Amino acid sequence: MMDTLHNPAAATAATKDGKTGTFTIDEIIEHYHGEWILMRVTEDDEDGWPLRGYLLDVAPTQEEILQAWTRRAPEVSDGKGWPLYTFLAEPLITSGPEYETAVREFFMGLLQAGGLRDAEAE
Amino acid sequence: MPKPNDDISFRLRFRMDRLRQRTWLAVPTSIGSIATLDLVPNSVATRSVITPIAYHKLRDLELIDLDIHDLQSGRVTSVLGNVSIAGLSAPDLAVQIRDVPELLGSDGRFLVDGYLGLDYLFFGDFGSIEINTRTLRVTLRPDR
């Protein structure tokens with residue numbers, strides 16, 4: 001299974017003939033750190049985020065991965081209900097100063113929005 | 001099978017561009033069960049927006065049913081149907097299509113696909129939003 005993870009072309013070919021397994025997002029991030037990824041998601045985690053799927057393509061730029069998206073788009077009409085997903089393979093961040101700042105800004109915005117809603121209700 | 005008026009619960013996930021100049025929290029959103037988008041809950045925007053890149057992705061999958069062109073502003077609005085958030089059925093989503101400089105990473109790429117505005121999250125079908133400030137788990141509760 002890991003052979004195809006090291007070789008996107010092999011992964012693509014194997015996906016087509018159904019001989020490969022799926023990979024977790026964490027596995028893909030570990031092997032393709034900094035690259036753009038195109039995958040078909042076969043499983044979400046308990047929080048609703050893509051967890052596992054078929055690795056369809058890997059590219060150094062967003063533009064190239066979007067071209068791959070266009071090429072592979074017809075495949076999703078197979079009725080399996082596995083969505084296409086693109087992302088930049090970077091490790092997930094769940095703590096640290098940037099994280100804290102983003103959370104703080106989000107909640108400050110929500111407070112503002114709450115004020116807007118109250119004003120609209122009056 | 002979840003019903004359209006079930007609570008929708010998910011965790012916000014952090015997105016950051018490589019040079020760490022921009023950060024966003026994102027919502028796992030699916031359109032038509034065949035495209036997954038990362039959309040930012042934008043608590044200061046009145047309307048929802050997707051980037052032209054996200055629009056092209058949806059168009060490739062034939063998920064754009066109707067475009068509304070505003071001749072005065074030149075802007076295009078689309079209504080996205082069959083929306084799911086965290087795998088649960090959610091209301092249709094009206095989005096403007098435009099570049100969003102606030103969502104650009106430092107090298108000009110969009111690391112997220114757009115944002116959900118107040119029209120959807122706050123003034124639309126969801127009468128209640130509950131957020132766990134420790135886990136960032138969000139529960140959207142539709143009006144019943």
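Reader: Is B:Gly105 buried or exposed?
Author: In this predicted model, B:Gly105 is buried, because 20 other C-beta atoms lie within 10 Å, and 20 or more is the cut-off for a buried residue.

Reader: Where in chain B is B:Gly105 found?
Author: B:Gly105 belongs to the loop that links β10 (93–97) and β11 (114–116) of chain B.

Reader: How many residues along the chain lie between B:Gly105 and B:Asp17, and what separates their C-alpha atoms?
Author: The two are 88 residues apart along the chain, and their C-alpha atoms are separated by 5.3 Å.

Reader: What about chain B overall: which secondary structure does it have?
Author: Chain B has two helices and 13 strands. Its C-alpha atoms fill a box of roughly 35 × 35 × 30 Å along the principal axes.

Reader: What radius of gyration does chain B have, and what would a compact globule have?
Author: The value for chain B is 15 Å. This agrees with a compact globule, because one of 144 residues would have a radius of gyration near 15 Å.

Reader: And what share of chain B is buried?
Author: Buried residues account for 44% of the 144 residues in chain B. As for contacts in chain B with a separation of 6 or more, 59% are between residues 24 or more positions apart.

Reader: Let us turn to the strands. What does β10(B) pair with?
Author: β10(B) pairs with β7(B) in the antiparallel sense, over five bridges. Within this pairing, B:Val79 has B:Ala94 in β10(B) as its bridge partner.

Reader: Which strand does β6 of chain B join, and over how many bridges?
Author: Strand β6 (residues 67–69) of chain B is joined to strand β7 (residues 76–80) of chain B by three bridges, and the two run antiparallel. B:His69 stands opposite B:Val76 in β7(B).

Reader: What do β6(B) and β7(B) form?
Author: They form a hairpin, with six residues between the strands. In the turn, B:Gly74 has a positive phi of about 80°.

Reader: Which strands make up the open sheet of three strands in chain B?
Author: The order is β1-β13-β12 (chain B), with antiparallel pairing. β1 and β12 (126–131) of chain B are the edge strands, each pairing on one side only. From one strand to the next, the twist averages 15°.

Reader: How many bridges do β1(B) and β13 share?
Author: β1(B) pairs with strand β13 (residues 137–142) of chain B over four bridges, in the antiparallel sense.

Reader: Which residues are buried in helix α4 of chain A?
Author: In α4 (residues 62–72) of chain A, the residues A:Ile65, A:Ala68 and A:Trp69 are buried. They lie on the same side of α4(A), because they cover an arc of only 105° around the axis.

Reader: What covers them?
Author: The cover over the buried residues of α4(A) includes β2 (36–44), β3 (50–59) and β4 (84–88) of chain A, together with α1 of chain B.

Methods:
Residues numbered from 1 in each chain as written. Chains lettered and ligands numbered in written order. Predicted model: local features only at pLDDT ≥ 70, side-chain atom pairs only at ≥ 80, totals over all residues. Buried ≥ 20, exposed ≤ 12 C-beta atoms within 10 Å, placed from the backbone. Pairing = 2+ DSSP bridges. Axes fitted to C-alpha atoms, helices over the stretch in contact; angles between N-to-C directions. Rg over C-alpha atoms; globule rule 2.2 N^0.38 Å. Contact = placed C-beta atoms within 7 Å. Arc of directions from axis to C-beta.
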